[in-house]
Amino acid sequence: MVNLHGLILADRSSRDLRELVMVRTSSSLPFAGRYRLIDFSLSNLQNAGVRDVGVVMQRNFSSLLDHIGSGKEWDMSRKRGGLKLLPPFTGSGEYEGIIDALENVRGYIEDIKQDYVALMRGNLAASIDLGDVMYQHVRSGADVTAVCTPGTPEGEHHRFIVGEDGFAKDILLRRTGPGEGVASLQVYIMSKDTLLGIVDRCDNALNHKFHRDGLGGLLSAGGKIKIYMHNDYFANIMSVDGYYKASMDMLEREKRSQLFPADRPVRTKGRSDVSTYYGDQAVNRNSLVADGCIIEGTLENCVIFRGVHVGAGAVLKNCIIMQDTYVSDGVELNYVISDKDAFISKDVTLSGSPKLPLVLPKGSKI
Amino acid sequence: MNRKCIAMLLAGGQGSRLYALTKDVAKPSVPFGGKYRIIYFPLSNCANSGIDVVGMLTQYKPLQLNSYIGSGQAYDLDSSDGGVFILPPYQSAGEKGSWFSGTANAIYQNIAFIENYDPENVLILSGDHIYKMDYSDMLREHVQNGAACTIAVKQVSMEEATRFGILSCGEDGFINEFEEKPKHPKSDLASMGIYIFNWKKLREYLVADENDPNSSKDFGKNIIPNMLAAGEKMWPYRFDGYWRDVGTIVSLWDANMDMLGNTLMDLFDASWPIRSKSPIRPPHYAGPDSKINHSIVTEGCEVYGEVSNSVLSSSVTVGRGAQVFYSILMPGATVEDGAVVRYSIIGENTKVRAGARVGTDPDGSADWNVATCGPNIEIGAGAVIKAGAMIYDSVAAGEGSDA
């Protein structure tokens with residue numbers, strides 16, 4: 001067995017995801033035609049041989065529960081250990097941050113059988129070889145290994161200044177846009193004891209920040225944080241705009257193949273859909289289409305999820321259409337994100353803009 | 001524990017009339033209709049009909065088949081006291097053990113397995129038909145009529161009747177005659193090779209047949225005629241849905257083409273799902289210059305060229321300027337840039353290299369046929385494969401071309 005335990009934080013959603021997180025947490029946001037964001041974390045753990053995983057959840061988690069189930073899709077339905085869903089205890093209120101969430105599952109962390117823990121956020125889309133991260137971590141003798149990107153994550157993030165030895169010299173908190181050093185993807189491997197030490201260090205309201213007080217405190221106390229570079233594609237989805245951009249990234253072969261490498265498959269809940277059928281007049285230009293769809297109209301630069309119907313004469317451009325949405329004949333959509341189970345009546349025309357895609361909430365009837 | 005009915009699925013067939021397509025796998029493992037393999041149909045029918053014990057008899061090249069079945073979980077057939085069980089031929093104490101010598105012998109050799117479940121009835125299925133059937137409805141008729149055996153039958157044309165086992169019925173509705181592939185059929189009711197037997201009765205006949213040295217140990221040739229001759233009550237269960245035997249290249253190609261319209265068999269019907277176990281791949285992608293019409297396309301495909309009237313299984317690639325017409329591309333097949341595939345079946349993971357041409361449109365001649373390339377081979381760049389060809393091994397670049 002791998003000496004590594006997964007801990008996925010699926011507690012918080014960015015408010016900028018608006019309608020998309022009205023009925024779910026960002027970890028269960030549908031992405032790339034057939035996945036939920038948490039599939040990437042779960043698959044990264046599975047591909048590294050990790051079977052014991054805790055998922056910390058807080059609010060709006062019914063779609064997450066439904067999606068993950070027993071964890072059997074990721075081989076995490078086991079007799080001993082396996083996947084554990086960690087909902088909040090009643091009355092614990094909203095988690096203020098990572099430390100709050102970790103304090104709430106402290107008992108769970110103490111019971112972890114493995115020596116090492118991989119801590120990550122459930123809304124990061126990236127294919128990371130955690131087996132390699134773990135190997136490098138143990139070899140380096142670091143207290144913490146942080147997976148970082150040379151790119152710029154969306155929104156506020158933390159950065160590390162890296163020394164020539166590959167260890168962090170400093171942590172730069174809450175930056176936006178490109179800047180000095182490398183950006184944290186908030187995927188960390190550390191020993192269980194180090195993790196509990198960080199939680200202990202942040203024991204009062206004045207020092208309650210994981211990055212500032214936990215990791216920053218570790219650094220100033222002489223602790224070592226090793227930087228592991230992830231140079232491939234990633235998307236940390238924080239807003240509708242970011243969601244739209246990341247979805248459109250999937251139309252690029254290079255980015256798609258980095259997120260879905262052949263040797264580290266991304267698994268998700270299966271539905272046993274049929275193959276997609278294209279009618280006589282169907283057109284598909286530069287679009288991604290999942291199984292179970294019926295396409296009679298025209299698609300251009302779209303991401304189409306499972307079980308979508310696109311009627312005859314319908315023209316969809318630059319759209320993201322989530323599962324089981326019914327687009328009637330003659331509909332014209334441009335820059336529209338339709339959430340699950342929407343119904344769009346005959347000949348309706350809807351248009352958003354590249355900067356502001358129009359979001360149709362789950363189950364909309366238009 | 002006593003059960004009303006368990007199923008025994010005969011999946012040992014080699015499928016010799018599928019030639020190159022079954023050189024590496026048994027017939028039930030042959031891909032079908034984009035997402036499926038032939039065996040998924042009877043397995044899904046079992047799950048949908050509430051049959052929770054399926055014994056699957058394997059013999060010919062079973063390895064792939066075993067991996068598709070696994071715990072049966074993909075078909076919702078894993079349960080705490082049932083499931084799908086793979087039953088290869090085995091050796092019992094003091095005996096030499098032997099291959100299954102016929103369909104009836106295969107069941108005979110697994111009497112002990114069946115007795116474990118102490119079933120009242122046993123459903124016998126074969127792994128080479130595409131259809132959706134509610135076996136629980138058939139079982140209800142079987143029990144209501146107090147039959148020793150119920151045979152699913154389908155009306156066929158008189159010309160077709162010569163290829164099937166043909167049944168005739170008396171005024172009471174029970175079967176009174178059975179002829180295997182008759183030259184002059186007396187009726188148009190064809191046996192679909194799906195039987196429900198009262199287990200106690202079947203057991204008697206299996207044991208008697210096993211001791212008959214002249215028997216070919218076959219349900220159609222021996223067990224059914226013997227039961228009829230003995231005056232057992234045999235009921236025909238009439239089925240009028242879609243049902244195709246896919247035992248030949250042409251019938252396999254035809255049935256795949258049938259899947260392009262959902263009028264013959266509705267695979268989208270959520271009340272009777274055909275479950276599949278397919279690798280989870282990202283959605284399929286169609287490039288800016290692609291053209292896809294009247295076709296089915298599966299996840300993992302990348303289409304840059306033209307696809308029409310075709311079935312693309314998972315992870316198929318069609319390159320730029322390539323054309324795929326009236327063809328079946330099995331999982332992982334690649335048609336490289338500028339290659340042309342017409343009226344063909346391309347086996348799993350086979351690569352049709354750039355500029356190669358496989359198959360031609362029907363020209364009305366008697367010897368025209370669908371071209372078939374077996375799995376895991378390469379058709380070299382610029383090579384030409386004629387209509388009706390049956391390709392087992394890789395073909396070198398430029399071979400067969402006039403240039």
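## Chain B as a whole

Chain B has 8 helices and 31 strands. Helices (H or I, at least four residues) and strands (E, at least two) are DSSP runs, numbered from the N terminus. The radius of gyration of chain B is 22 Å, close to the 22 Å given by the globule rule for 403 residues, so chain B is as compact as a globular protein of that length. This radius is taken over C-alpha atoms, and the rule is 2.2 Å times the number of residues to the power 0.38. The structure is a predicted model, in which local features need pLDDT of at least 70 and side-chain atom pairs count only at pLDDT 80 or more, while totals for chains, interfaces and linings use all residues. Residues are numbered from 1 along each chain as its sequence is written, chains are lettered from A and ligands numbered from 1 in the order in which they are written, and side-chain values use heavy atoms, with hydrogens and water left out.

Taken along the principal axes, the C-alpha atoms of chain B fill a box of roughly 65 × 50 × 45 Å. Of its 403 residues, 57% count as buried. Buried means under 20% relative accessible area, exposed over 50%, and partly exposed in between (1.4 Å probe, protein chains only). The accessible surface of chain B comes to about 16,000 Å², and 48% of this belongs to carbon and sulfur atoms. Such areas come from the Shrake-Rupley method with a 1.4 Å probe; for residues, only the protein chains shown count as cover. Among the contacts in chain B with a separation of 6 or more, 58% are between residues 24 or more positions apart. A contact means heavy atoms within 4.5 Å.

## Helix 6 of chain B

Helix 6 of chain B covers residues 199-210. At 1.5 Å a residue, its 12 residues should span 16 Å, and its end C-alpha atoms are 16 Å apart, which agrees. The expected span is 1.5 Å times one less than the number of residues. At the start of this helix, a side-chain oxygen of B:N198 reaches to within 3.0 Å of the backbone nitrogen of B:K200.

Which residues of helix 6 of chain B are buried? They are B:W199, B:L202, B:Y205, B:L206 and B:D209. The buried residues pack against helix 3 (103-108), helix 4 (111-117), strand 6 (119-126), strand 11 (189-198) and helix 7 (219-229) of chain B.

B:E299 is found in the loop between strand 16 (295-297) and strand 17 (302-303) of chain B. With 3% relative accessibility, B:E299 counts as buried. Not counting residues up to four places away in sequence, B:E299 touches residues including A:R34, A:A290, A:D291 and A:R306 of chain A, and B:K35, B:R281 and B:H284 of chain B.

B:K351 is found in strand 26 (residues 351-352) of chain B and is partly exposed, at 31% relative accessibility. Leaving aside neighbours within four places in sequence, B:K351 is in contact with B:T334, B:I377, B:E378 and B:I379. B:A397 is in the segment after strand 31 (390-391) of chain B. B:A397 is exposed, with a relative accessible area of 58%, and touches B:G380 and B:A381, not counting residues up to four places away in sequence.

## Chain A

Chain A has 9 helices and 28 strands. For its 366 residues, a compact globule would have a radius of gyration near 21 Å; chain A has 21 Å, which agrees. The C-alpha trace spans about 65 × 45 × 40 Å along its principal axes. Buried residues make up 60% of the 366 residues in chain A. The chain exposes about 14,400 Å², with carbon and sulfur atoms supplying 47% of it.

Most residues other than glycine have a negative phi. Phi of A:R18 is near 40°, a positive value in a residue other than glycine. A:R18 is in the loop between strand 1 (4-10) and strand 2 (30-31) of chain A, and counts as partly exposed at 38% relative accessibility. A:Y335 also is not a glycine and has a positive phi of about 55°. A:Y335 lies in the loop between strand 24 (332-334) and strand 25 (336-338) of chain A, and counts as buried at 18% relative accessibility.

Definitions and conventions. A polar contact is a pair of N or O atoms within 3.5 Å; within protein, one must be able to donate a hydrogen and the other to accept it, and residues adjacent in sequence count only if both atoms are side-chain atoms.
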